[in-house]
Structures are given as structure tokens and as C-alpha cells.
Protein chains: 2
Amino acid sequence: MEIKNLSKNELLSLKEELSAQYGAFKAQGLALDMSRGKPGKDQLDLSQPLLDELNSGSDIRCEGGTDCRNYGIVDGIPEAKRLFAQLFGLDTDEVLIGGNSSLNMMFDTIAQAMVSGVGGSEPWLKQGDVKFLCPAPGYDRHFAICEYFGIQMISVPMKETGPDMDVVERLAASDPSIKGIWCVPKYSNPQGITYSKETVQRFAALKPAAADFRIFWDNAYCVHQLFGEDEQLLNLINEAKKYGNEDRVYMYYSTSKITFPGAGVAGMAASKANLNEIKKRLTIQTIGHDKLNQLRHVRYLKDLEGLKAQMEKQAVILRPKFEAVLSILKSELGGTGIAYWTEPKGGYFVSVDVEQGTAKRVVQLCKEAGVVLTGAGATFPYGKDPLDRNIRIAPTFPPVSELETAMQLFCICAKLAAVEGYLGE
Amino acid sequence: MEIKNLSKNELLSLKEELSAQYGAFKAQGLALDMSRGKPGKDQLDLSQPLLDELNSGSDIRCEGGTDCRNYGIVDGIPEAKRLFAQLFGLDTDEVLIGGNSSLNMMFDTIAQAMVSGVGGSEPWLKQGDVKFLCPAPGYDRHFAICEYFGIQMISVPMKETGPDMDVVERLAASDPSIKGIWCVPKYSNPQGITYSKETVQRFAALKPAAADFRIFWDNAYCVHQLFGEDEQLLNLINEAKKYGNEDRVYMYYSTSKITFPGAGVAGMAASKANLNEIKKRLTIQTIGHDKLNQLRHVRYLKDLEGLKAQMEKQAVILRPKFEAVLSILKSELGGTGIAYWTEPKGGYFVSVDVEQGTAKRVVQLCKEAGVVLTGAGATFPYGKDPLDRNIRIAPTFPPVSELETAMQLFCICAKLAAVEGYLGE
């Protein structure tokens with residue numbers, strides 16, 4: 001029976017029961033963190049052999065013979081470019097290798113646009129208002145970049161097929177101060193949605209009012225399927241080529257969630273014109289990124305097949321965690337009418353919509369009982385969820401047993417907050 | 001006898017002789033590169049054991065217990081901050097660890113100033129003209145950053161004590177659009193000059209017209225003495241504290257020329273107020289730099305003593321190279337009156353002033369005979385040496401025997417170009 005249909009007395013009695021359960025959890029003195037999409041220790045241990053790839057006896061030359069210990073090669077060693085090209089489904093000359101963080105590459109791309117413009121445009125900072133479309137719920141660190149640069153964010157609703165393209169097309173076409181859009185097109189953060197073929201095609205054919213409009217395609221989870229079957233995502237750059245729109249896209253990726261988040265290799269893909277523009281900055285910004293770490297990674301992962309084999313090992317670790325989250329959500333909240341959640345086939349998150357107006361309260365209750373969740377609202381621009389209902393569950397970091405405890409608590413808190421709401425408290 | 005005092009016939013005969021020598025070199029089909037301050041293979045081999053510091057059996061936790069493989073710690077692991085604090089002669093909370101490139105940290109600091117201002121100021125990009133003081137000859141990559149951002153460069157003459165502080169003080173005080181100055185204060189690039197005590201004190205007490213004026217103190221060669229005795233440089237931040245001016249300084253350093261240029265660790269030091277401002281950007285720009293490489297480096301170098309021991313090994317390799325350059329310059333060009341050079345006690349370069357108006361020609365002649373030098377003019381803003389006389393010699397990369405050949409050729413070219421000039425050709 002849905003909770004909202006209970007009588008006042010029934011609600012009061014349910015509240016008492018939930019409060020007792022909550023108190024019991026609180027008494028356990030938990031200290032669990034489900035706030036970030038952070039790999040667990042077991043996932044990191046998977047890549048431990050990576051550290052043996054380079055030792056004092058190793059050949060430290062990359063293909064072409066360059067000594068990777070020395071200065072040089074600003075856009076990445078050949079074998080790293082080849083691996084990332086395979087991953088992006090593009091040519092090596094459409095790829096550029098960075099440092100350890102794709103977020104850093106995205107930030108720098110926007111910083112460059114602010115200071116120097118894009119494709120010959122005026123610097124965004126000199127153009128007056130700059131706005132970005134932000135499919136929401138989305139990734140809080142994307143939104144934080146916009147906020148940092150004073151870029152106004154406009155929320156775009158997410159559908160099961162990706163961002164609402166009617167809204168994207170209408171807004172992009174209507175306002176030349178709208179300069180871009182953030183996308184996590186596969187196993188999206190936080191909902192785990194993979195953009196449909198039609199969505200990608202509409203992105204490829206987009207007709208924005210701003211000539212310097214760019215699609216930031218953060219393909220962070222492109223090989224992160226969890227349950228064997230891999231959802232298919234169209235290649236946006238190749239689709240965009242059909243319309244001559246390939247300059248409208250920047251793609252990003254890193255091995256943070258393949259090997260080590262703290263010491264991986266990041267890369268981006270774009271048209272040659274875009275990469276030339278980026279490289280003009282890059283050759284001034286640095287003499288080159290860490291080539292030894294690039295070498296270490298390629299020797300360990302080898303090629304796309306090796307990388308996929310590694311991801312299957314990751315999936316074996318993550319699958320039970322996602323199953324635990326989904327199974328507890330179903331058993332504890334199924335049929336209560338107070339929560340709806342996604343059942344992602346990959347990625348790093350489960351997105352839960354609790355009763356409207358209670359997300360902040362749920363996160364607060366969990367925190368007081370020792371379980372830290374991603375802040376309520378974090379998945380929306382400016383940290384403001386208009387319906388105060390979305391919560392991002394990050395199941396990867398805690399061991400399964402802790403995760404189960406945390407999810408039991410979460411469900412109690414979700415119900416408790418809903419009951420409080422129905423009681424008008 | 002000075003060449004300029006030769007008669008025309010003597011000049012013609014000397015030219016014939018030099019041309020013959022030049023031709024003989026050209027016939028050798030040399031292919032030598034002395035263009036950049038790039039460590040040689042023997043220097044890189046010194047740090048090969050660094051690669052054994054982390055393997056699959058290693059403890060990958062830093063002090064405080066954080067797993068360095070995972071996300072987190074945006075400003076550097078504690079032991080890396082401690083090592084850099086020792087190096088900078090400052091406290092750990094005045095230090096921030098970056099990626100592999102201090103140039104990248106400098107670029108990003110300026111990018112931040114352009115977009116967000118400094119110390120609460122208007123973004124530089126919105127303030128109209130922005131100018132920098134550029135002691136010259138100086139480091140071409142500093143100048144390239146200014147050019148990239150459209151920052152106007154004003155040359156300041158270098159004296160034996162560092163930049164001409166009369167000029168620096170006068171210009172900085174006179175024009176609020178002058179926002180900063182580039183300094184390589186110890187074993188400067190390219191002259192190998194260490195700023196005197198008085199110079200540093202005058203920098204510490206500087207009264208620029210712009211409140212958001214910053215001194216970019218690129219201490220790239222702070223432990224790079226070559227001949228045992230270490231020239232002493234006053235600590236600018238500590239000096240500036242005496243005047244309440246500590247917010248006016250950014251210091252930079254990296255291990256590029258201690259371990260591996262392509263895979264080292266960079267850091268910066270600044271006042272807490274400045275670091276807080278930098279960290280506001282950094283926490284948006286990245287989740288953290290490569291902590292495993294930080295760990296690897298600290299375990300290898302250990303502490304300041306370990307680092308200095310490593311530098312002594314570097315000096316053993318570099319000393320004969322600098323001695324070869326200086327000895328050939330002396331024997332071939334001494335007394336000719338056509339060239340003057342520095343005799344640095346550390347750093348990476350020897351700066352040679354050839355006869356006025358001939359630097360480009362000398363570099364061209366060397367290139368045609370297979371020896372690549374740093375481009376003439378590169379040591380000046382906009383690549384324009386007003387007297388066309390300064391050439392930066394980078395002795396580190398080639399083996400001694402090749403270096404000797406290259407220097408013999410260089411001296412012939414310097415004389416040939418001077419003779420051509422005297423003959424009015």
C-alpha cells in the first residue's frame with residue numbers, strides 16, 4: 001500500500017516504528033561514505049600490476065624511439081594516442097592525450113574559450129552573458145566549472161533517451177549567448193542513461209544560434225557496462241561529420257575508473273581544427289604531460305581488447321554492489337509510492353527520486369546516522385533541485401556489507417522523511 | 001688582436017680561412033641539438049631507480065593513510081608538501097603540489113588572473129591593457145605565455161645583480177596596467193645570474209601602482225649549482241613578509257631537472273591568501289594530481305639532503321659540459337673582441353653575446369652545418385633581440401664530444417659572421 005494513502009494514525013504508528021529503526025542504526029555509530037563515485041580498494045587492487053610495467057630495467061622509449069623520461073611530445077605518445085583513438089572510435093590525429101584528469105582538460109577547454117574564444121570567436125569573457133545548457137540531474141563537477149567561470153546554467157530535463165532534445169534544439173537556436181552543453185552520454189551521471197540513436201543524431205545536426213557553440217561530450221563511462229550487455233552509443237563526431245558539424249564537439253575520457261583515479265591517463269578527441277586550436281594553447285601551457293605514465297598504461301592495458309578485459313574484471317566487483325542497492329531499494333521502497341529509481345546497466349551511480357521536498361531531509365537524516373551521501377541538489381545546477389527529490393547513490397566505494405547497511409538506513413530515512421511530510425511536520 | 005682592428009685584406013684572408021674551416025664542419029654532416037635545456041641521457045639514467053620505488057608489492061598509502069591510487073588530496077600528499085616546503089624554505093601550508101610541469105602551474109596562474117582577477121581584483125581581461133615586465137635576456141616560454149594571453153611585454157635590462165631594479169621600481173610604480181614580472185632568480189635562464197641580496201630586498205619592498213601586481217618567481221634552478229659552491233639567494237616570500245607584501249609573490253619549482261623532465265613533480269609556494277585563491281580554482285579544475293608519482297618521488301629523494309645528493313650527481317655529469325663550452329669559448333673567441341659570455345656557477349645555460357647584428361646569422365650558419373641552437377632573439381620578448389646579439393647555449397643534452405664539435409663550429413660561425421659584418425656584407 002502506498003504510504004500517502006495511510007490514515008493519520010497509521011502514519012503516526014509507522015513514524016514511531018521507523019524512528020525506532022532509525023535510532024537503532026544511529027546507535028551503531030556508522031561512518032560510511034557513499035558521496036562520490038570513487039572506486040573501492042578491490043577495484044584499485046585489480047590494477048596493481050600496472051606498477052610493475054616500468055622499473056629500472058625497462059625500455060623507457062615509446063614507439064618512434066623518444067625517451068619518455070625527457071621533455072617533449074605535447075599531445076601524447078603514439079601508442080597512447082592509438083589506444084585512445086580505438087576507445088573514441090576515431091583516428092589518432094583526432095585524439096590528444098593529457099595528464100591524469102579529464103576534468104582538468106574540460107576546465108582548460110572552457111578557460112581557453114573564456115580567454116581566447118572558440119574557432120576564431122571573441123573570447124567568451126568579452127561577449128557578455130555566457131550560458132550553458134545543463135541536462136539535469138547531471139554531474140555536479142560540470143556545473144561547478146560553469147559556476148566558477150560565471151557561466152549561467154539552464155537546466156534541461158533528462159528523459160529516458162537523454163536530454164529533452166526539443167528543449168535543447170529550441171534553446172540553442174534561440175539565444176546566441178548559449179555557448180554549450182554538458183553531456184555524459186553513456187551510463188550518465190547520475191541516472192545511468194545511454195543517449196538514444198535519435199538523441200545523438202539530433203545533437204549531430206544541431207543548429208545553435210552561436211557559431212561558437214560546443215557540445216562537451218564527457219564519455220566517462222563509455223566502457224563501464226556492469227551486466228554483460230553493452231548499450232550502444234552512436235559516435236557523435238562521426239555523426240556530426242555528416243552535417244559538417246564536427247567542429248561542434250569535444251569528447252573526453254580518462255582511465256580514472258579503469259586503472260587508478262589518482263594516477264590515470266586522460267584524453268580528448270575533437271576535429272583536427274579544434275585540436276589545432278587546443279594545441280596552440282597546450283604548447284604554451286606545458287612542454288608535455290607525463291609520458292612515463294602513458295607508457296605504463298599502454299603496456300598494461302595493451303589495446304581495446306585488453307582494456308575491455310580489465311573492465312569486465314571491474315564489473316565483476318561492481319555488479320554485486322549495484323545488485324545490493326537495487327534489491328534493497330526494491331524490497332524496502334517498492335510499492336510505497338515514495339521513491340523511484342533508475343536501474344542502470346553501467347556507470348557509477350543509481351539515481352533515486354524520493355518524495356518531493358524530502359531529499360535534503362533524507363540526506364540529513366543519513367548523515368546524522370553516520371552515512372554520507374552526495375548532497376541533495378548536487379545533481380542540479382547551482383545545487384538547487386527545484387523539487388528537492390533527487391539523490392545520487394554511489395555504490396562503488398564501500399564493501400557490499402557496509403553498502404547493505406547504508407542502503408537499509410537510506411530506505412528508512414526516505415520513508416521517515418516522507419511520513420514526516422505527510423504529517424505536515 | 002681584436003678582429004675589428006684588422007685591415008680589410010686581413011679580414012678577407014681571415015674570412016677565407018674561416019670559410020674553409022666552416023666548410024669542413026659542414027662536410028661532416030652533423031646533426032646536433034643544443035636548442036633546449038634538456039637533460040642528457042646520462043642525467044636521466046641517474047634517476048632510473050626512481051622507477052623501482054613503486055611496484056605491485058608497495059605500500060601505496062601516503063602519510064595520513066590515504067590510498068594514493070584513488071581520488072583526492074588536491075594540494076599534494078603530506079610528504080611531498082614537506083619536501084617542497086624544505087626546498088622553498090617555507091611552511092607546508094605555503095606550498096601546493098601540482099602535476100608534472102611548473103610551466104603549467106604558471107600558465108594556469110595567469111589564466112586565472114585573466115579570467116578571475118587576483119586578490120579580489122577585476123579579471124585582467126576586463127581591465128584593458130595588461131603589461132608585464134620581462135627582464136631580458138630571459139626565458140622564452142615565460143614570454144610565450146604573455147604573448148598567448150595578449151599581455152604586453154616591457155623589457156627590463158639584466159645586470160650582474162639581476163634585473164635593473166631602478167627600472168623595475170620606476171615602471172611598476174608608474175603604470176597600474178603593469179601587473180607582473182617574470183623572474184628566474186637563481187642561475188637565471190640564460191645568463192646564470194643569481195639575484196643579489198639587494199635585488200631581492202628591493203623586490204620584497206616593491207611599491208607597484210597595481211594592487212594586483214604579482215612577481216612570478218620561477219626558481220627552476222634553485223639547487224642546480226655546478227661547481228660545489230652554492231650562490232645564496234634570499235627568500236623573497238620571507239623578505240616580503242617584513243613589508244606585509246607576501247601576497248605579491250608566486251614561487252614555482254619542479255623536479256624536471258632533478259629526476260625526469262617528462263615525469264617529474266611540480267610545486268608552487270605562495271602566501272596562504274594566495275594559495276586559498278589558487279585552491280578555489282584548483283578544486284574546480286581537478287580532483288587531484290598524480291599522487292603515486294608524488295609518492296614515488298618522495299620515497300626516492302627522501303628529503304632535502306637526498307635531493308641535494310642527487311643534484312651533486314647531476315653536477316658531476318654537467319660540470320665537464322659547462323667546462324668544455326667555457327674553455328672553447330675562451331680559446332677560440334677570447335681576445336677577439338667579438339663575443340662576451342657569462343660563466344655561470346649553476347643552471348642550464350651559457351649566454352653568449354656575439355657581435356651586434358650577427359646573432360641571427362650565427363644561428364643560421366650553425367643550422368646549415370647541422371647544429372641547432374636556440375633561435376636568436378628567443379631570449380627577448382616577442383623573439384626580438386634589439387641588438388641581435390644574444391645566443392643561449394644549452395650544453396646539457398649532447399655528450400661532451402659532440403658538444404665540443406658543436407662549440408668549435410659555433411665559434412667559427414661567430415667569427416665568420418663578425419668578419420662578414422666588418423666587411424659590410
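A residue is taken as buried if 20 or more other C-beta atoms lie within 10 Å of its own. By that criterion, six of the six residues of strand β6 (residues 178-183) of chain A are buried. Strand β6(A) is therefore largely enclosed by the rest of the structure. This description rests on a predicted model. The mean pLDDT of chain A is 97, and 100% of its residues reach 70 or more. For the complex, the predictor gives an ipTM of 0.96 and a pTM of 0.97.

The pairing of β6(A) was examined next. Strand β3 (residues 131-136) of chain A pairs with β6(A) in the parallel sense, over three bridges. Within this pairing, A:Leu133 has A:Ile181 of β6(A) as its bridge partner. Strand β7 (residues 214-218) of chain A also pairs with β6(A) in the parallel sense, here over four bridges. A:Cys183 stands opposite A:Trp217 of β7(A). The loop between β6 and α7 of chain A contains A:Pro190. The peptide bond from A:Asn189 to A:Pro190 is cis, with omega near 10°.

In helix α6 (residues 165-174) of chain B, the buried residues are B:Met165, B:Val168 and B:Ala172. They cover an arc of only 55° around the axis, which means that they sit on the same side of α6(B). The other side of α6(B) carries the exposed residues B:Asp166, B:Arg170 and B:Ser174. The cover over the buried residues of α6(B) includes strands β3 (131-136), β4 (152-159), β5 (162-163) and β6 (178-183) of chain B. Helix α7 (197-204) of chain B is also part of that cover.

Helix α7(B) was treated likewise. Its buried residues are B:Thr199, B:Val200, B:Phe203 and B:Ala204. Seen down the axis of α7(B), they fall within an arc of 140°, so they line one face of the helix. B:Lys197 and B:Glu198 are exposed on the other side of α7(B). The packing partners of the buried residues of α7(B) are β5, α6, β7 (214-218) and α8 (236-241) of chain B.

A further sheet occurs in chain A. Three strands form an open sheet in the order β10-β11-β13, with antiparallel pairing. Strands β10 (340-341) and β13 (390-393) of chain A stand at the edges, each with a single partner strand. One side of each is therefore left without a neighbour in the sheet. Strand β11 (residues 350-353) of chain A and β13(A) pair in the antiparallel sense over four bridges. A:Ser351 has A:Arg392 of β13(A) as its bridge partner.

The same surface serves both copies, as 100% of the contact residues of chain B recur in chain A. The contact takes 49 residues from chain B and 49 residues from chain A. On the side of chain B that touches chain A, at least two residues each come from α2 (41-46), α4 (102-116), α5 (140-149), α9 (272-285) and α10 (291-301) of chain B. Helix α4(B) gives the most to this side, with six residues.

Backbone exceptions complete the description. Most residues other than glycine have a negative phi, and most peptide bonds are trans. In chain B, a cis peptide bond joins B:Ala136 and B:Pro137, with omega about 5°. B:Pro137 lies in the loop between β3 and α5 of chain B. A:Ile73 is not a glycine, yet has a positive phi of about 60°. A:Ile73 lies in the loop between α2 (41-46) and α3 (78-88) of chain A. A:Ile73 counts as buried because it has 21 C-beta neighbours inside 10 Å. B:Lys302 likewise has a positive phi, near 70°. The loop between α10 and α11 (304-333) of chain B holds B:Lys302. With 14 other C-beta atoms within 10 Å, B:Lys302 is partly exposed.

Note on methods
Residues numbered from 1 in each chain as written. Chains lettered and ligands numbered in written order. Predicted model: local features only at pLDDT ≥ 70, side-chain atom pairs only at ≥ 80, totals over all residues. Contact = placed C-beta atoms within 7 Å. Buried ≥ 20, exposed ≤ 12 C-beta atoms within 10 Å, placed from the backbone. Pairing = 2+ DSSP bridges. pLDDT = per-residue confidence, 0-100. Arc of directions from axis to C-beta.
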